[in-house]
Every structure is written in C-alpha cells, then in structure tokens.
Amino acid sequence: MEIDDHLLRSLMRRVQAGDRTAYRTLLDQCRVWLERYYVRRAPPGQIDDLVQDTLISLHRKRASYDPERAFLPWLSVIARYRWIDALRRAPKNVELTEGHGRVEDESEAVHARLSLQRLLDRLPKAQASAITLTKMEGRTVAETAMISGQSESAVKVNVHRGLKTLARIIESE
C-alpha cells in the first residue's frame, strides 16, 4: 500500500483544526509507514515501542507542523530521532543498525536524508561531523577522532551536545 504524502498533509491540516476522525486515520497511516521505516533499522522486538514513541512525539509536535510543507520528511525526522534515542539507550552489546530488512522505497530514505542534512547544517561543523561519522556511518570514536582531527574526548562531547541540540531543534519546530 502506497502512503500518499498529500493525503497525510490534508489529514494533518484537519487534525490541527480539531477533527478526531482525521486524527485516527492519520495515526493509522503513520503507524503503517513507521513500521516499514523501523523494520529496516531495529530488531523486531523494538519496533512496536519505537512506533509508539514516535506517535507520541507526533502528538506532542502536531501544532508545530506546517501543512504547506511535505508531511513524510517531517515525520521521518521525528522517527529518526526516536531511533537515535533508542540507540543511546541500548546496551552496548545490542546492535541496532540499518539493514535489518529490504529497502523497498528509496524515496523515503532520500527525504529523510535531506531533512536530516538540513538539521545537521544547523550545528557547528565539529558536532555535525562527529554525529555523521559515529551515529550515521557507524564509525568508532577512535576512528572518528582520526578522521576529524578531534580528540576522542572532543568527539564524545560533540556527539552528546549535537544530539541534545538536534533534539531541542526538533521539539521546538
């Protein structure tokens, strides 16, 4: 089933106007999209929790959505940060990586990447670089330090501060 961004945008516009029926429909559509999104990124036992966390974030941020802009990139940014939160909470011996399933629709990934890049552009270069290398490319802190010219301590601090800043940006939009 193809999920239509135009339909989601229309539903969200009605949700913002107080339409409860549209809200139930929107959440159902988002649940389907989020399950597909997380199946490629998380172990099966964590998908339901990630979907629910993301839907709660969508609920909290629904007033900040601009219905003149595309909906799925907005949702994908929220989903990406819920996923990053799960990565931070995960025990060190549990690996959550992309590639747990087959990628069926590359357009979702492209929209998410563009949205994420816009967010990373708002960070200082050292923070964006540290996050990109460690969290997105999966490099170790030591590898990131060598590539970026930062100390290992600076990499850790930049990742931590950058993620906190990104979370604030997402929550304020």
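T54 touches L34, Y38, L75, I78, A79 and R82, leaving aside residues up to four places away in sequence. Contact here means heavy atoms within 4.5 Å. The model is predicted: local features need pLDDT of at least 70, side-chain atom pairs count only at pLDDT 80 or more, and totals for chains, interfaces and linings use all residues. Residues are numbered from 1 along each chain as its sequence is written, and side-chain values use heavy atoms, with hydrogens and water left out.

T54 lies in helix α3 (residues 44-61). Helices (H or I, at least four residues) are DSSP runs, numbered from the N terminus. T54 is buried, because its relative accessible area is 0%. Buried means under 20% relative accessible area, exposed means over 50%, and partly exposed is in between (1.4 Å probe, protein chains only).

**Aromatic rings**

How many aromatic pairs does a search of the whole structure find? The search finds 5. Rings of Phe, Tyr and Trp (its six-membered ring) pair if their centres lie within 6.5 Å; planes under 30 degrees apart count as stacked, over 60 as edge-to-face and the rest as tilted. Two of the pairs involve F71.

| Pair | Centre to centre | Angle between planes | Type |
|---|---|---|---|
| Y65 and F71 | 5.4 Å | 75° | edge-to-face |
| F71 and W74 | 5.5 Å | 50° | tilted |

Y65 and F71 are both buried. F71 has 0% relative accessibility, so it counts as buried. W74 has 17%, so it counts as buried too. F71 and W74 both lie in helix α4 (residues 71-89). They are 3 residues apart, about one turn of the helix.

Elsewhere, ring pairs link W33, Y37 and Y38 into a cluster.

**Charges over rings**

A charge sits over a ring if NZ of Lys or CZ of Arg is within 6 Å of the ring centre and within 35 degrees of the ring normal. R41 lies over the face of Y37, 3.8 Å from the ring centre. The charged end of R62 sits over the ring of Y23, at 5.8 Å from its centre.

**Helix α8**

Helix α8 (residues 152-172) has 21 residues. The expected span is 1.5 Å times one less than the number of residues. That gives 30 Å for α8, and its end C-alpha atoms are 30 Å apart, so the two agree.

Which residues of α8 are buried? They are V155, N158, V159, G162, L163, L166, I169 and I170. Seen down the axis of α8, its buried residues fall within an arc of 130°, so they line one face of the helix. The arc is that of the directions from the helix axis to the C-beta atoms. The face turned away from the buried side of α8 carries the exposed residues S153, K156, R168 and S172.

Methods
Helices (H or I, at least four residues) and strands (E, at least two) are DSSP runs, numbered from the N terminus.
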